[in-house]
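Dear colleague,

I am passing this structure on to you, and below it you will find some notes on what came out of going through it. Please look at it first and then read on.

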Amino acid sequence: MRDTFHAELANVSLVDAMHGLSDPLRLRIVELLAHQGETECSDIYNTLDIGKSNASHHFRVLRECGILLRLHRGQKQSARLRADEFEERFPGLLPAVLDNIDSA
């Protein structure tokens with residue numbers, strides 16, 4: 001089951017995508033998911049040492065700009081990057097960001 005709102009990537013502008021990637025904490029979430037693949041949300045905010053409400057805000061922004069897919073399986077929620085779909089819409093953007101996160 002999906003969250004009620006995941007962006008249709010065809011409707012996401014470059015400005016929207018860049019907004020999603022403009023926050024250091026969101027970059028850390030993206031980097032974590034790029035390395036680990038689908039990950040339980042609680043593991044993400046425990047790993048990054050952030051509160052659940054703060055993480056939820058950033059997950060929402062990442063969903064709204066088309067980068068993140070959030071999944072529900074019973075009581076557990078997980079997140080994964082929509083890397084292939086995002087690459088189709090914005091070729092080269094996500095790899096360029098991931099290659100340069102350390103310099104951010």
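Which residue is the bridge partner of T39 in strand 3? The bridge partner of T39 there is A79. Please bear in mind that this is a predicted model, in which local features need pLDDT of at least 70 and side-chain atom pairs count only at pLDDT 80 or more, while totals for chains, interfaces and linings use all residues. Residues are numbered from 1 along each chain as its sequence is written, and side-chain values use heavy atoms, with hydrogens and water left out.

Three strands form an open sheet in the order 1-3-2, with antiparallel pairing; strands are DSSP runs of E of at least two residues, helices are runs of H or I of at least four, and both are numbered from the N terminus. Strand 1 (39–40) and strand 2 stand at the edges with a single partner strand each, so one side of each has no neighbour in the sheet. Strand 1 and strand 3 run antiparallel and are joined by two bridges, and two strands count as paired if DSSP finds at least two bridges between them.

Strand 2 covers residues 68–73 and contains H72. H72 is partly exposed, with a relative accessible area of 23%, where buried means under 20%, exposed over 50% and partly exposed in between (1.4 Å probe, protein chains only). Between H72 and E40 there are 9.6 Å in space, C-alpha to C-alpha, although they are 32 residues apart in sequence.

**Helix 2**

Helix 2 lies across strand 1, strand 2 and strand 3, and runs at about 90° to strand 3; contact means heavy atoms within 4.5 Å, and such angles run from 0 to 180 degrees between N-to-C directions, with axes fitted as lines to C-alpha atoms, for helices over the stretch in contact. In helix 2, L25, R26, L27, I29, V30, L32 and L33 are buried. After helix 2 comes G37, whose phi is positive, near 75°.

Leaving aside neighbours within four places in sequence, I67 is in contact with A17, L21, V30, L62, R80, L81, R82 and F86.
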